[in-house]
Amino acid sequence: SGLHHQALKKIRSKAQLVASRVTDQHIRLAVTGLSGAGKTAFITSLVNQLLEAGHGAELPFFTPSRQARLIGAQRASQPDLQLARFEYEQGMLSLNSDPPAWPLPTRGVSQIRINIRYQHAQSLRRILSDTATLVLDIIDYPGEWLLDLPLLEMDFERWSEFCEHQLHQPERHELAKDFLVQLQQTDWLAEGDEMHLKALADSYSDYLHACKDAGLELIQPGRFVLPGELEGAPILQFVPVPHAFRGGNASAIPDGSNLALVKERFRQYKEKVVKPFYRNYFRQFDRQIILVDCLSALNRGEQSFKELQQAINWLLKSFDYGNNSILRRLFASRIDKLVFAASKADHITPDQQDNLIRLLESMVHSARQDITYQGSKIQTTAFAAIRASQVGKTDYQGKTLSVLKGTDLKGKPVMLYPGDVPSCCPQGDFWQAQKFDFPAFAPPKRNPMSALPHIRMDQLLEFLLGDKLG
Ligand code: GDP
């Protein structure tokens, strides 16, 4: 019976193992989007909804909340000590101040861990243990960094050509004037001059910032506008050198020349900055949400919208699991759910919400035809992390119209109809007739004890976490 005892013991320890696997799960949810897309507001709201889920958060489409199975959520201490901590409390202080202010965005990678305690839905699992914990790590990183993935497939000459093409587009040429003059004044084959290269890189980075301010989203290298911890490091001190400026042929680049230095730094940037991001962080994400600010791009006009479309195209390369993709070759990843979400949907009236979802769908779809997503589920939606407007009605020429009421950033009450959202990528003549326009709203005034008002955060929670809380 000693043997019998042994066997029993084995079975029991196995059962315990299964039980602990069932009860404690861990999930890494990555949040990205170009800067200004709404990542900070989204994470703040998501954490707030989870913390408040048991006390009045309105989450009818989030199954565990609707079934009253969420016991409580708590912030846990930071798992990765070398990452910045996502400043949730700071953000809530801003939103709760008088007048309320939007949380300050983070600039690099940041992280927050939440332990969610819940009851299983199935009774069998309930027998194994009463309550379970889902450990949720949320990682926030700039979408601009994903725009660098295509660099891995380019050498310095090709990248320079690509940039040259961009530098001569009419909208950019004007912004690039100073940089182009400095480029012209550089003797590329002369002995390397560190100070000069630094000044050039600063000028190039000013140009990229100016592009961003003008709503031109296609910027490379991503770290030039969002350097994170690399601010001021020589690895960021390189610039594209268009063919016409290079002089001579590529084989005759003297060692130690300006040209040799920038080429080497470009190579190192790919090896020491771009690749490690994918290797050390990206590869570990389980789920990913990409926020897209379609409405601001519509506000800004045709070129901005086109660039956003192109940026989505580039972003998507980071989720292409096809055999030939760079991702597959270098960094096998395991994202099983990918969400594209159009942010700030409180800037449009309820009748326009479907159009916004369809618009984003058409942008993603036209980009992803040649992309293989093995095993990952993709969803497209529109949401507002923090609803800053109220819907009202007004009579206009004998008809009742939905309008939005809110407060602008100067604290003045506004009431408006922002316009119709096109349901697919707009073509040329749309932009001539385009009247789409909305102001930025201030965050809503509310009781600080209440959960943040939102649009469809519960549906996002359901898609991103619902199955893990079953
Ligand atoms: P990030 O750079 O991606 O982190 O973007 P933020 O979260 O900082 O958002 C940028 C700005 O967009 C905020 O300061 C707000 O003005 C606006 N915003 C973000 N989310 C919402 C939202 O849900 N509703 C409204 N009305 N504005 C939002």
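Me: What separates the centres of domain 1 and domain 2 in this model?

Reply: Taken over C-alpha atoms, the centres of domain 1 and domain 2 are 33 Å apart. Bear in mind that this is a predicted model. Domain 1 is made of 18–141 + 282–388 + 444–469, and domain 2 covers 153–280.

Me: How do you know that domain 1 and domain 2 are in contact, and how many residues take part?

Reply: The test is whether two residues have C-beta atoms, placed from the backbone, within 7 Å. The contact takes in 18 residues of domain 1 and 13 residues of domain 2. On the side of domain 1 that touches domain 2, helix H12 (294–300), helix H13 (302–316) and helix H14 (326–330) each supply at least two residues. H13 gives the most there, with six residues. Sorted by class, that side of domain 1 has nine nonpolar, five polar and four charged residues.

Me: Why is strand E9 said to lie largely in the open?

Reply: The number of buried residues among the seven of E9 (residues 390–396) is zero, so the strand lies largely in the open.

Me: What makes E9 and strand E10 a pair, and what lies between them?

Reply: Pairing needs at least two bridges. E9 and E10 (residues 399–407) have seven, in the antiparallel sense, so they qualify as a pair. Aspartate 395 stands opposite threonine 400 in E10. The two strands form a hairpin with two residues between them, and glutamine 397 in the turn has a positive phi of about 50°.

Me: Which residues come nearest to the ligand?

Reply: Lys39, Thr40, Ala41, Trp102 and Pro105 come nearest, out of the 20 residues around the ligand. Helix H2 (residues 39–51) supplies the largest share of this shell, three residues. By class, the shell divides into 10 nonpolar, seven polar and three charged residues.

Notes:
Residues are numbered from 1 along each chain as its sequence is written. This is a predicted model: local features need pLDDT of at least 70, side-chain atom pairs count only at pLDDT 80 or more; totals for chains, interfaces and linings use all residues. Domain bounds come from an automatic or database domain assignment. Helices (H or I, at least four residues) and strands (E, at least two) are DSSP runs, numbered from the N terminus. Ala, Val, Leu, Ile, Met, Phe, Trp, Tyr, Cys and Pro count as nonpolar, Asp, Glu, Lys and Arg as charged, and the others, Gly among them, as polar. A residue is near a molecule or strand if its C-beta atom, placed from the backbone, lies within 6 Å of it. A residue is buried if 20 or more other C-beta atoms lie within 10 Å of its own, exposed if 12 or fewer, and partly exposed in between; C-beta atoms are placed from the backbone.
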